[in-house]
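Okay, thanks for coming, everyone.

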Amino acid sequence: MATKAPITQDMLTIPRKLPEGGPTNIVGLTREQLREALIATGTPEKQAKMRAGQIWQWVYQKGVRDFDVMTNLAKDYRAKLASEFVIAVPEVVSRQVSADGTRKYLVRIAGGHEVEVVYIPEEGRGTLCISSQVGCTLTCSFCHTGTQKLVRNLTAGEIIGQVMLARDDLGEWPEPGRNPHDETRLLSNIVLMGMGEPLYNFENVRDAMKIAMDPEGISLSRRRITLSTSGVVPEIARTAEEIGCLLAVSFHATTDEVRDTLVPINKRWNIAELLDALKAYPKLSNSERITFEYVMLKDVNDSDEDARRLVNLIRGIPAKINLIPFNEWPGAPYKRSDQKRIRAFADIIYKAGYASPIRTPRGEDIMAACGQLKSATERARKSRKAIEAEAGL
Ligand code: SAH
Ligand code: SF4
């Protein structure tokens with residue numbers, strides 16, 4: 001195997017301040033933070049709001065990374081910006097394309113950590129699955145990410161940077177003067193379903209999604225952004241109020257006993273508490289319905305009785321139930337339910353009046369599916385450990 005070149009500081013994209021006192025990264029700053037940063041570096045206060053808006057349009061609508069291209073700003077002002085700021089997104093280390101068109105990017109962030117980002121093309125649209133943390137503090141027993149310790153939270157710049165680097169790769173920055181419509185975009189939807197628990201990195205996720213939704217930012221409708229949580233109950237109302245995107249919840253079980261083992265955060269906030277928070281969400285966020293994610297694990301949570309309990313539990317909540325055939329990973333303690341079982345389960349839910357789509361596994365040949373995302377460095381470390389264990393070292 002080829003040895004990797006050592007990672008040096010200048011290869012990394014550092015979120016805010018490069019070495020202390022160095023340039024600030026514009027990507028990920030809220031409008032207000034950018035306005036303040038412009039004032040702090042000499043932009044007259046009266047102009048700062050307008051300048052921030054102009055810079056945002058170049059960065060998020062046109063994909064520009066070079067201040068010199070910003071022709072509606074005076075030449076000396078552009079030079080001044082270039083000396084104080086950078087426009088940087090995380091670096092793509094590798095990119096794999098599946099037979100079905102799914103693209104998986106391995107992305108390196110400051111500190112040499114890596115996260116995965118997945119682009120799933122669909123008929124007339126495309127969804128980007130982004131990560132919010134390196135690893136995860138939670139330890140859901142069926143999730144590959146859960147076997148990896150939390151390394152750190154991603155910054156807002158690293159979160160929205162994933163959208164920008166996917167756009168770079170898709171070649172999807174609109175021509176000047178053209179406003180893209182969500183309907184015709186290659187990257188039309190965002191799901192926070194990659195690595196990490198987004199509600200344990202609330203502020204950075206919120207700031208990044210605000211940039212995604214801002215008409216002068218990435219400009220996606222809030223109905224095209226879905227945040228998936230394992231059930232961090234106290235942050236659910238806050239998500240409705242401060243982000244307002246669609247919500248998905250990793251439900252996965254119909255009794256506390258089983259959910260305690262699959263999604264251990266259930267021991268902190270149980271099914272009843274979670275359902276209370278979910279009931280309030282649609283009204284608070286003015287959104288239509290909540291997606292209940294339900295991973296189908298053979299002989300664990302996939303009986304007819306489970307299906308009936310599930311519809312009873314969610315009664316009264318506008319909902320769609322997304323059945324996810326378990327994505328097996330090496331060493332996983334579960335098996336995927338049989339297709340026949342999944343269909344029978346879906347049928348009970350459907351007959352009770354809920355949409356119950358079965359998620360088609362995508363990008364399986366490149367391990368790009370939900371719950372399989374894990375950094376390559378971590379995998380390498382694990383396999384080295386396994387090799388050492390086998391060799392009795
Ligand atoms: N931490 C958040 C978001 C990331 S996980 C959460 O738990 O909701 C995104 C989705 O993938 C969750 O519904 C999660 O339960 C599911 N998932 C994790 N591992 C999986 C696996 N191996 N097979 C199928 N779905 C999985
Ligand atoms: Fe973390 Fe979500 Fe995986 Fe659970 S399912 S370990 S919350 S990433």
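Before anything else, some bookkeeping on residue classes: Ala, Val, Leu, Ile, Met, Phe, Trp, Tyr, Cys and Pro count as nonpolar, Asp, Glu, Lys and Arg as charged, and the others, Gly among them, as polar. With that, the shell around ligand 2 comes out as four nonpolar, three polar and no charged residues. The residues in that shell are Cys 136, Leu 138, Cys 140, Cys 143, Gly 146, Gly 196 and Ser 230, where being around the ligand means having a heavy atom within 4 Å of it.

What you're looking at is a predicted model, where local features need pLDDT of at least 70 and side-chain atom pairs count only at pLDDT 80 or more, while totals for chains, interfaces and linings use all residues. Residues are numbered from 1 along each chain as its sequence is written, chains are lettered from A and ligands numbered from 1 in the order in which they are written, and side-chain values use heavy atoms, with hydrogens and water left out.

On to the sheet. Helices (H or I, at least four residues) and strands (E, at least two) are DSSP runs, numbered from the N terminus. Nine strands make an open sheet with mixed pairing, in the order E3-E4-E5-E6-E9-E10-E11-E12-E13; two strands pair if DSSP finds at least two bridges between them. So which strands stand at the edges? Those are E3 (91-97) and E13 (319-325), each with a single partner strand, so one side of each has no neighbour in the sheet. From one strand to the next, the twist averages 20°.

Let's zoom in on a couple of pairs. E3 and E4 are antiparallel, over six bridges, with Ser 94 opposite Leu 106 in E4. The two strands form a hairpin with five residues between them, and Gly 101 in the turn has a positive phi of about 95°. E9 (residues 189-192) and E10 (residues 225-229), on the other hand, pair in the parallel sense over three bridges, and there Leu 192 sits opposite Leu 227 in E10.

What lies across this part of the sheet? H4 lies across E3, E4, E5, E6 and E9, and runs at about 130° to E4. Angles go from 0 to 180 degrees between N-to-C directions, and axes are lines fitted to C-alpha atoms, for helices over the stretch in contact.

H4 (residues 156-170) also packs on H5 (residues 202-213), at about 40° with the axes 8 Å apart. That makes the pair oblique, because under 35 degrees counts as roughly parallel, over 145 as roughly antiparallel, 65 to 115 as roughly perpendicular and the rest as oblique. The contact (heavy atoms within 4.5 Å) involves Ala 156, Ile 159 and Ile 160 of H4, and from H5 a list including Val 205, Ala 208 and Met 209. By class, the contact has eight nonpolar residues, one polar and one charged.

Compare that with H9 (residues 304-314) and H10 (residues 339-351): about 30°, axes 9 Å apart, so H9 is roughly parallel to H10. Among the residues that meet are Asp 304, Asp 306 and Arg 308 in H9 and Arg 341 in H10. This contact has seven nonpolar, no polar and four charged residues.

Ser 219, in the loop between H5 and E10, has a positive phi near 65° without being a glycine. Asp 299, in the loop between E12 (290-296) and H9, also isn't a glycine and has a positive phi of about 60°.
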